[in-house]
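Please keep the structure in view while reading.

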Amino acid sequence: MSRRILWVAIFAAYFVLIVTPAAQAYLDPGSGSFIFQVIIGGLLGAAVAVKAFWQRIWGFLAQRKADREVEDKVSEEIG
Amino acid sequence: MADDEVVPESFRDPSGVLFERGGRLFRQVNRVHREHYDSLMGSGLYAALTEANLLVPHEETDEPGVSDQAYRVIEPRRVPFISYPYEWCFGQLKDAAMATLRIQRIALRHGMSLRDASAYNVQFLDGRPVLIDTLSFERLPENRPWIAYRQFCQHFLAPLALMAFRDVRLAQLLRVHIDGIPLDLTARLLPRRARLRPALFLHIVAHARSQRRHAGEVVTAERGRRFTPRAFVGLIDSLWSAVRRLRWRPGRSVWSQYYEESGSYSPEAFEHKREIVQKLVAETEPADVWDLGGNVGTFARIASERGVPTVCFDADIAAVELNYRREVEARERNLLPLVLDLTNPSPPIGWENRERRSLAERGPADLVLALALIHHLAIGNNVPLPRLATFLEGLCRRLVVEFVPKEDPKVQILLATREDVFPGYTREGFEQAFGKRFEIEARIGIRDSSRIIYLMRRR
């Protein structure tokens with residue numbers, strides 16, 4: 001739960017800092033959705049980068065673990 | 001050509017048009033969409049999507065088009081029954097949403113993108129959701145946000161979040177809001193705990209605020225080009241996890257317990273009823289079947305398991321959800337469970353009331369099953385028998401209908417809370433009313449019960 005609250009806080013801060021002020025009132029929600037994506041684009045892109053980074057770390061660790069297991073097995077077999 | 005009939009659903013799309021000719025369905029690809037269509041076919045995207053059963057397959061034909069705009073005329077595989085999102089249960093809408101996002105992910109890998117994310121573009125074919133609008137794809141414009149983002153949120157994310165967090169019956173808002181549930185309305189209806197989900201907060205609450213704030217702002221070309229491919233992937237990932245985490249489980253509803261618990265039938269009577277329906281379906285060899293008030297699909301499956309395209313309607317969304325889950329688990333291909341209240345069936349809606357068709361306009365079915373239904377409509381809803389006969393006459397060519405007499409315990413329950421103002425509700429009255437509209441072909445009493453099953457043919 002605390003992680004969720006943290007996320008909401010991050011989003012809220014992001015909006016306060018980055019969202020631009022209101023413009024003229026011609027009501028087409030389409031442009032709002034368009035601009036909204038540009039606004040959150042940085043956040044979404046960063047999320048993908050972070051995810052890719054962690055996947056690489058986990059992949060690296062998993063690979064090292066697998067390598068070590070193979071080494072152990074080989075050394076066992078060689079005796 | 002005089003016998004061509006342009007399908008009214010497709011009138012908005014400048015890139016092509018859907019039309020019927022000689023009982024076959026075609027889609028004209030307009031010249032203006034040439035580049036995108038060629039990319040779809042040439043990039044490997046069409047092959048990837050049809051292989052994964054996510055896009056309706058088509059053949060290119062030599063048929064002439066319906067206008068001088070034609071670049072190609074294709075013949076897509078026909079969907080046996082067109083259904084609408086307000087007739088789907090939670091699981092169906094969620095699966096359609098996930099399919100749309102999967103399609104978009106695969107499209108991005110092929111340098112293309114969906115221009116629409118309309119729930120109406122998804123239909124159930126062989127039991128699974130597929131995109132039916134072959135012309136929804138465009139070559140991905142560089143660094144531009146997703147043009148269909150708002151539509152995806154309104155058509156899928158908003159109703160799913162409302163169903164999961166507030167009340168599953170709110171899916172019916174889709175019947176009023178044809179372009180999906182407005183996000184400001186959704187944000188107002190969602191409970192606080194839904195806002196604690198980061199993705200829902202972002203794509204619904206903050207999105208709605210941004211719509212209000214930036215409404216009418218001119219998006220300059222330069223500003224519109226600040227959306228990186230990585231951000232695009234992040235957007236789809238984020239929507240994906242938002243949808244995936246939404247869940248709804250049917251509670252104990254009255255109807256879905258019907259067969260298991262109620263004293264409607266003795267085991268012998270139930271078995272005999274099943275045998276009768278089996279026999280009548282086998283004898284009539286229908287091209288398609290609608291089971292009205294079909295609950296969790298026990299009798300609809302008699303038809304669908306014979307390979308007959310079957311739609312099983314019920315007013316109870318929990319029963320439809322159970323039916324759909326059962327169908328997905330068993331990988332059934334011929335059954336489509338749908339939500340429908342027969343006392344207020346789907347009307348024609350949209351532009352000129354012709355964009356989405358009514359139930360009757362999507363018929364008639366070759367065979368309708370109306371089992372243990374008549375007493376609910378006649379006594380539970382005060383519909384006179386002659387009107388019931390007229391209603392059913394408009395929906396089918398042949399009818400298998402069960403008459404439940406007044407002395408039946410189920411009818412007694414209905415009568416316990418109302419005055420018996422139904423003197424005409426007798427076997428004779430039923431046969432007389434239905435006899436005016438239908439020719440009675442067979443009349444079989446269910447063993448160990450006072451109920452009777454009729455086979456009728458429309459006059």
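## Ground rules

Two strands count as paired if DSSP finds at least two bridges between them. The model is predicted.

## The chain as a whole

Chain B holds 17 helices and 16 strands. Its radius of gyration is 24 Å, close to the 23 Å that the globule rule gives for 459 residues, so chain B is as compact as a globular protein of that length. Along the principal axes, the C-alpha atoms of chain B fill a box of roughly 75 × 55 × 40 Å.

Of the 459 residues in chain B, 46% are buried. Here, buried means that 20 or more other C-beta atoms lie within 10 Å of the residue's own. Take the contacts in chain B with a separation of 6 or more: residues 24 or more positions apart account for 69% of them.

## The seven-stranded sheet

Strands of a sheet pair through backbone hydrogen bonds, either parallel or antiparallel. In chain B, 7 strands form an open sheet with mixed pairing. Their order is β12-β11-β10-β13-β14-β16-β15. Which strands stand at the edges? They are β12 (335–339) and β15 (438–445) of chain B. Each has a single partner strand, so one side of each is left without a neighbour in the sheet. From one strand to the next, the twist averages 20°.

Helix α13 (residues 317–329) of chain B packs on this sheet. The helix touches β11 (310–314) and β12 of chain B. Its direction makes about 160° with that of β12(B).

## Strand β16 and its two partners

β16(B) spans residues 452–458. On one side, β16(B) pairs with β15(B) in the antiparallel sense, over 7 bridges. Within this pairing, Glu439(B) has Arg457(B) of β16(B) as its bridge partner. The hairpin of β15(B) and β16(B) has 6 residues between the strands. In that hairpin, Asp448(B) takes a positive phi near 60°.

The other pairing joins β16(B) to β14(B), residues 396–403. This pair is also antiparallel, with 6 bridges. Phe403(B) stands opposite Ile452(B) of β16(B).

Key. Residues are numbered from 1 along each chain as its sequence is written. Chains are lettered from A and ligands numbered from 1 in the order in which they are written. This is a predicted model: local features need pLDDT of at least 70, side-chain atom pairs count only at pLDDT 80 or more; totals for chains, interfaces and linings use all residues. Helices (H or I, at least four residues) and strands (E, at least two) are DSSP runs, numbered from the N terminus. Axes are lines fitted to C-alpha atoms, for helices over the stretch in contact, and angles run from 0 to 180 degrees between N-to-C directions. Two residues are in contact if their C-beta atoms, placed from the backbone, lie within 7 Å. The radius of gyration is taken over C-alpha atoms; the globule rule is 2.2 Å times the number of residues to the power 0.38. A residue is buried if 20 or more other C-beta atoms lie within 10 Å of its own, exposed if 12 or fewer, and partly exposed in between; C-beta atoms are placed from the backbone.
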